[in-house]
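Reader: I am new to this structure and would like to learn how to read it feature by feature. Could you take me through a few of them slowly?

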Amino acid sequence: MSANQKTRRILVAGNWKMNKTPREAAELMRELIPLICEKGKLNCDVAVCPPAVDIPVVGQILAETKSEIALGAQNVHYEASGAFTGEISAPQLSELNVKYVIVGHSERRAMFGDTDETVNKRAKTAVAHGLIPIICVGETEEEREKGLTADVLIRQTRGAFSSMTRDDALKTVIAYEPVWAIGTGKTATAEDANETIGIIRAEFAAMYDNDAAESIRILYGGSMNAGNAESLLAMPNIDGGLIGGASLKAVDFSKIVL
Ligand code: PGA
């Protein structure tokens, strides 16, 4: 199946992580927007997820240029306001026209205490405020070597969607990001990523139903770049990419966009 024939619309989202000052973010957007624009009508959804301090300037440039690129954030707290130093709320993001928010990225799980439970709470809050959470799941290298990939993915998927209604679950996007492939230059092969995403899709079908599993978008992330994107996106189970390193260079990111 070619990527363009999929019933699920592909989403290419850039995760800038903790990179780019507001000035650098503006420069990157001024370079990226014409590259995306010259492709004409896009065959996929595109989003950039800059650091929180860059969101206003990136949002302003997207609005000025009437770009099709959507704005995303990298984290959202589960309360709407309160004493949560350093966190960002859903209403704060919504007011800045943020559409997507990454939830449960492995870096936040490993370094900032996110658990299946907090991922679930963050995702539910995002949906309740009209944001689309991009919920990340993925096994570590050690878990993979021990043959625990399916167990980990099933646990994380069940955890993320715990007591979430079918309607709300279908307002989310899942990203399969094997931890060993993130920022390492090691990509899962297209076949491998496709098969592993199949495990997540099957679990989603078990939690909800087959129709729900057919419509939920599941992205791949982990060292995806202009060279390997085409073969990954051509896979029937892979509905887009969450791109880290390659989203920091306008030309590289634009080449991934269909
Ligand atoms: P990478 O990061 O493309 O640099 O591997 C992907 C991610 O962490 O979302």
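Author: Let us begin with a single side chain, keeping in mind that the model is predicted.

Reader: Is Glu141 buried, partly exposed or exposed?

Author: Buried means under 20% relative accessible area and exposed means over 50%, with partly exposed in between. Glu141 has a relative accessibility of 37%, and therefore counts as partly exposed. This residue lies in helix H6, which covers residues 141-145, and, leaving aside neighbours within four places in sequence, Glu141 is in contact with Trp180 and Lys186.

Reader: And is Asp114 buried or exposed?

Author: Asp114 is buried, because its relative accessible area is 6% and the cut-off for buried is under 20%. Asp114 is found in the loop between helix H4 (106-111) and helix H5 (116-128), where, apart from neighbours within four places in sequence, its contacts are Gly104, Arg108, Arg109, Val119 and Arg122.

Reader: How should I read the strands, and what do they form here?

Author: Strands of a sheet pair through backbone hydrogen bonds, either parallel or antiparallel. In this model, 8 strands make a closed barrel in the order S1-S2-S3-S4-S5-S6-S7-S8, with parallel pairing. From one strand to the next, the twist averages 25 degrees.

Reader: How many bridges join strand S5 to strand S6?

Author: Strand S5 (residues 132-137) and strand S6 (residues 173-176) run parallel and are joined by 4 bridges, and Ile135 stands opposite Ile174 in S6.

Reader: Which strands does helix H9 lie across?

Author: Helix H9 (residues 190-207) lies across S5, S6 and strand S7 (217-221), and runs at about 145 degrees to S7.

Notes: Residues are numbered from 1 along each chain as its sequence is written. This is a predicted model: local features need pLDDT of at least 70, side-chain atom pairs count only at pLDDT 80 or more; totals for chains, interfaces and linings use all residues. Side-chain values use heavy atoms; hydrogens and water are left out. Helices (H or I, at least four residues) and strands (E, at least two) are DSSP runs, numbered from the N terminus. Buried means under 20% relative accessible area, exposed over 50%, partly exposed in between (1.4 Å probe, protein chains only). Contact means heavy atoms within 4.5 Å. Two strands pair if DSSP finds at least two bridges between them. Axes are lines fitted to C-alpha atoms, for helices over the stretch in contact, and angles run from 0 to 180 degrees between N-to-C directions.
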